[in-house]
Amino acid sequence: MKHEEQLRLNTPENSFSATKSTRPYWKKWKGEKLFFILSVFFLLVTLTAKATSSDDGDISIDQGTYRIEGTAPYDIIEISDNMNITGGTVELVNGQVKFSNHPEVNITGDEASITMDRLNVNSTQSAVTFNFTFGNNGVSTVETNQWMTLSHITVNVDGSAYNGGEGTFELFKSNNMTHIGEIYLCGGFPGFNATFSKQNNNWVVTLSKALELPQAFLEIIPTDGQASIATNGTTNISAITDSKVPFIGSPWTTFEDDPNTAFNETIINDEKRAVFAVIEHDANGSSKRSFDMGIAKGGQVYSIRNGAGKEAVPPQHRDATNKKMAPWIDEAFQLVQVNIEKLYDKSTPKYFIHQAGTYLYVDHMEEPFYSPVLMSGQLDANTYVMANWAQQGHLDKNVGANVHQSKSIIYTKYRVVADGVIEITHLAYNFGADVLDFFNVPWGGVRMTTYPEVMLGDKTSDGSVSGEFYAEMPGYTNASSTLDIKNTGGWLLYASGKNNTDDAMALVFGKQFAVNGRNDVVRFGKAANNAAGVPETEWRNYNVTEVIRYQDLNEGQSMFARYYYVFGSVSEVKSLIDQYDLVEKTKVETISSFDQGPLYKWRRGSAGEMPTLSSNAPVHLELRNRPVNINFKPVFLIKYNNNYIPTYDPYKYTDGTPFKQTTQYVGLLGYADTTVYSESDLN
């Protein structure tokens with residue numbers, strides 16, 4: 001079979017192209033040197049040992065030189081095949097490098113020298129994916145002493161094999177870099193936090209030591225009344241911090257690229273932007289009770305694939321005005337917190353503290369800002385915990401900055417307790433002066449093409465689990481689908497059909513809660529109607545669901561909530577709710593204080609250094625792993641100008657724009673007694 005690599009040279013006046021045979025005998029070029037010149041414009045191709053091609057046309061270089069050279073700055077060096085680079089020298093020089101056919105460039109380890117002059121990835125047609133896989137000590141840089149424009153590039157970085165120390169690694173290095181596309185961490189750097197940034201005209205990844213915390217920091221969520229573990233199947237939990245995450249790969253809305261923005265919006269809903277952890281559960285005996293759940297960086301549930309392989313979370317489609325505002329920021333399962341008075345103040349942006357993060361404001365941001373992870377970890381084979389500094393969802397549209405602040409840390413525990421049953425527990429700590437008095441626990445909803453039918457559990461005198469399907473899906477906020485929780489059975493079931501054997505999923509939220517005479521409410525219904533023939537991802541395919549909780553959460557208090565998702569057939573889901581008494585195990589309450597727990601001693605050699613846990617003198621800070629009472633405030637560890645800085649104020653050095661990420665959030669050192677430590681004492 002003959003394969004061809006196109007070497008194309010274009011000028012405004014005309015173009016010239018030639019083909020180079022890449023039959024398997026190309027491998028005999030090892031040890032030789034081959035030159036050929038395309039006359040007219042003198043595009044020079046040089047190959048020395050060892051450049052090989054595979055039967056599918058891929059170009060592989062692990063030693064020697066692979067060189068394509070133009071003679072004028074805007075000669076086009078066009079690459080249409082995949083490239084695999086593990087060593088040697090790659091030189092695409094003295095022209096302008098462009099790609100076609102959406103190839104991948106795979107760079108592994110740090111033994112190669114790679115030059116790509118005037119790397120121009122400025123359109124959907126020239127889009128390319130670069131995969132950087134770190135070796136023991138680093139990865140090779142793609143560089144030029146000319147310009148680069150990378151608005152439509154996709155960059156995947158895998159650091160799972162890295163064994164070095166802290167440092168900054170250049171992925172792309174140039175004299176003038178105008179834009180950068182999408183960069184994703186696909187495999188974590190064990191023991192390090194990885195951040196991506198543009199430094200001068202280079203795009204770099206910076207590795208900082210991860211904050212090492214005892215497991216006790218993740219175990220402060222109360223466990224009384226939780227379900228016992230009764231799984232017969234298998235559960236696998238993987239997180240991007242310590243492994244490669246298996247992307248769920250569901251169909252999501254895609255957008256046309258907007259030429260008025262400097263980034264590639266066609267891949268704005270790529271799940272690699274959002275994913276942090278994935279929980280895969282294979283049930284024993286019934287495939288309908290299996291599920292995969294994707295946890296995003298803000299702690300929100302961004303994806304649920306049922307046992308039939310159908311995606312339950314909406315496709316992230318919005319109307320033309322707001323279509324790019326909310327990739328996994330709004331239409332995902334999450335905790336939302338509100339100050340009602342400030343919400344209705346029309347002189348300021350809306351007041352919604354989103355567990356997920358901040359909406360995408362395309363005039364001020366190039367990607368949504370997911371709530372920073374402060375700590376995370378797997379407690380056992382079935383349990384994963386994250387803690388996030390939750391963000392205000394809205395900015396001032398004119399200046400692109402936070403008007404309202406968020407002083408909330410949300411701990412979330414995901415726990416597979418039985419085949420087809422996952423328990424979600426939140427502990428939301430309010431360390432600010434704003435009273436939080438309206439909660440969605442949770443906010444979310446499902447994709448109507450996956451689950452077009454809905455059943456609300458009946459209120460029964462004996463607590464039995466029964467209900468009837470609605471004749472048709474009600475509209476969101478209709479009176480028929482807005483009910484006091486006390487008048488329901490405490491659960492809502494979504495189904496692919498109305499038969500007992502049809503695929504189903506339930507949200508079990510409970511029914512016994514009321515504060516200050518205000519009854520909690522469940523509200524659900526369709527956000528839009530589907531036009532005939534429109535694909536499932538191209539309309540607002542969304543049965544909105546919110547469970548409204550009224551709690552008065554003052555400064556120094558925590559809101560504790562527990563609820564369940566259940567998977568199976570319609571009859572299996574109802575049976576599981578009954579078998580494990582899930583309605584009675586749900587809970588919502590306010591916690592004003594904790595026992596003191598252990599004391600943790602942090603020390604450091606000098607200001608700006610990374611603190612470590614040690615009882616050796618001198619001890620810098622003595623902190624608790626929990627907010628003991630109103631006097632205790634969280635101590636964030638941030639990194640700014642290469643200094644590690646403990647602070648009570650997560651907005652420090654941000655000018656109200658934490659989404660710009662000039663400040664790196666390393667983690668949470670613990671909780672300090674403010675009667676002992678002032679802000680200045682922390683440093």
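In what order do the strands of the open sheet of seven strands lie? In this predicted model, in which local features need pLDDT of at least 70, side-chain atom pairs count only at pLDDT 80 or more, and totals for chains, interfaces and linings use all residues, the order is E32-E27-E26-E35-E44-E43-E38, with antiparallel pairing. Residues are numbered from 1 along each chain as its sequence is written, and side-chain values use heavy atoms, with hydrogens and water left out. Strands are DSSP runs of E with at least two residues, helices are runs of H or I with at least four residues, and both are numbered from the N terminus; two strands are said to pair if DSSP finds at least two bridges between them.

The edges of this seven-stranded sheet are formed by strand E32 (391-392) and strand E38 (482-484), each of which pairs on one side only. Within the sheet, strand E26 (residues 334-338) is joined to E35 by four bridges, and the two run antiparallel; Gln334 stands opposite Trp443 in E35. Strand E35 (residues 438-446) also holds Pro442, and the peptide bond that leads from Val441 to Pro442 is cis, with omega near 0°. In general, most residues other than glycine have a negative phi, and most peptide bonds are trans.

Another open sheet has four strands in the order E22-E23-E24-E25, with antiparallel pairing. Its edge strands are strand E22 (234-239) and strand E25 (301-306), each pairing on one side only, and the twist from one strand to the next averages 10°, where axes are lines fitted to C-alpha atoms and angles run from 0 to 180 degrees between N-to-C directions. Strand E23 (residues 275-282) and strand E24 (residues 291-296) pair in the antiparallel sense over six bridges, and His281 stands opposite Phe291 in E24.

Over the chain as a whole, there are three helices and 52 strands. The accessible surface, computed by the Shrake-Rupley method with a 1.4 Å probe, comes to about 25900 Å², of which 44% belongs to carbon and sulfur atoms. Of the contacts (heavy atoms within 4.5 Å) with a separation of 6 or more, 69% are between residues 24 or more positions apart.

A nonpolar core is defined as a set of buried Ala, Val, Leu, Ile, Met, Phe, Trp, Tyr and Cys residues joined through side-chain atoms within 4.5 Å. The largest such core has 130 residues, and Leu119, Phe130 and Phe172 have the most contacts inside it. This core draws at least three residues from each of domain 1 (56-209) and domain 2 (231-250 + 270-591), the bounds coming from an automatic or database domain assignment. Apart from it lies another core, of 41 residues, among them Phe217, Leu218, Phe594 and Tyr600. When residues up to four places away in sequence are not counted, the residues that Phe130 touches include Phe99, Met116, Leu119, Ile153 and Phe172.

His102 lies in the loop between strand E11 (96-99) and strand E12 (104-108), whereas Arg118 is placed in the loop between strand E13 (112-116) and strand E14 (119-120). Arg118 counts as buried because its relative accessibility is 10%.

Technical notes
Buried means under 20% relative accessible area, exposed over 50%, partly exposed in between (1.4 Å probe, protein chains only).
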